[in-house]
Amino acid sequence: MNIRECYDAIGADFEDVIGRLGSEALVQRFAIKFIDDGSYSALETALGEGDAETAFRAAHTLKGVCLNLGLKNLYTVSSDLTEKLRGRELDGSDELFQKVREQYNITIDALKKVE
């Protein structure tokens, strides 16, 4: 699967990100780097430990990276979680995190198939 097919498969905005980064090669390079980005694991750990401050920062970082890479579906759910955590309250964040986890796994699985 090439990067354009990957973006199509996950409902990401390839045209937007290529307009920003300028080439398919750069999109692929940065998208593949996302596999090793630590913001999702930091978010998961912080939520597990009940650390609302760190969870907010990690969710906010994840949201920003997704926006820059045009990962629309993951951006949307991480943005919702970021807003929920903005007040540094964890109540109600579990359901939103499950949506983030689902989209994150879909995104990572697709990116791992890029040749």
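## Cavity

The largest cavity has a volume of about 40 Å³. A cavity here is a set of points, on a 1 Å grid over the protein atoms alone, where a 1.4 Å probe fits but cannot get out; grid points are joined across faces, edges and corners, and the volume is the space filled by probe spheres set on the points. The structure holds one cavity of 30 Å³ or more.

Residues with an atom within 4 Å of a point count as lining. For the largest cavity these are Ile 10, Ala 12, Leu 71, Lys 72, Asn 73, Leu 74, Gln 103, Ile 106 and Thr 107. Helix H6 (72-85) and helix H7 (93-111) are the elements that give two or more residues to this lining; helices are DSSP runs (H or I, at least four residues) numbered from the N terminus. By class, the lining has five nonpolar residues, three polar and one charged, where Ala, Val, Leu, Ile, Met, Phe, Trp, Tyr, Cys and Pro count as nonpolar, Asp, Glu, Lys and Arg as charged, and the others, Gly among them, as polar.

## Model and numbering

This is a predicted model, in which local features need pLDDT of at least 70 and side-chain atom pairs count only at pLDDT 80 or more, while totals for chains, interfaces and linings use all residues. Residues are numbered from 1 along each chain as its sequence is written, and side-chain values use heavy atoms, with hydrogens and water left out.

## Antiparallel pairs

Helix H5 (residues 52-69) and H6 have axes that come within 8 Å and cross at roughly 150 degrees. Axes are lines fitted to C-alpha atoms, for helices over the stretch in contact, and angles run from 0 to 180 degrees between N-to-C directions. H5 and H6 are therefore roughly antiparallel (over 145 degrees). Their contact (heavy atoms within 4.5 Å) includes Phe 56, His 60 and Lys 63 of H5 and Tyr 75, Ser 79 and Glu 83 of H6. It has ten nonpolar, four polar and two charged residues.

The axes of helix H4 (residues 39-49) and H7 come within 12 Å, crossing at roughly 155 degrees, so H4 and H7 are also roughly antiparallel to each other. Tyr 40, Leu 43, Glu 44 and Leu 47 of H4 meet Ser 93, Phe 97, Val 100, Arg 101 and Tyr 104 of H7. Six of these residues are nonpolar, one is polar and two are charged.

Helix H2 (residues 14-21) and helix H3 (residues 24-34) have axes that come within 8 Å and cross at roughly 105 degrees. H2 is therefore roughly perpendicular to H3 (65 to 115 degrees). Phe 14, Val 17, Ile 18 and Leu 21 of H2 contact Glu 24, Leu 26, Val 27 and Phe 30 of H3.

Notes:
1 Å grid on protein atoms, 1.4 Å probe; cavity = no way out; pocket = protein on both sides within 12 Å on 5 of 7 lines; lining within 4 Å. Parallel < 35°, antiparallel > 145°, perpendicular 65-115°, else oblique.
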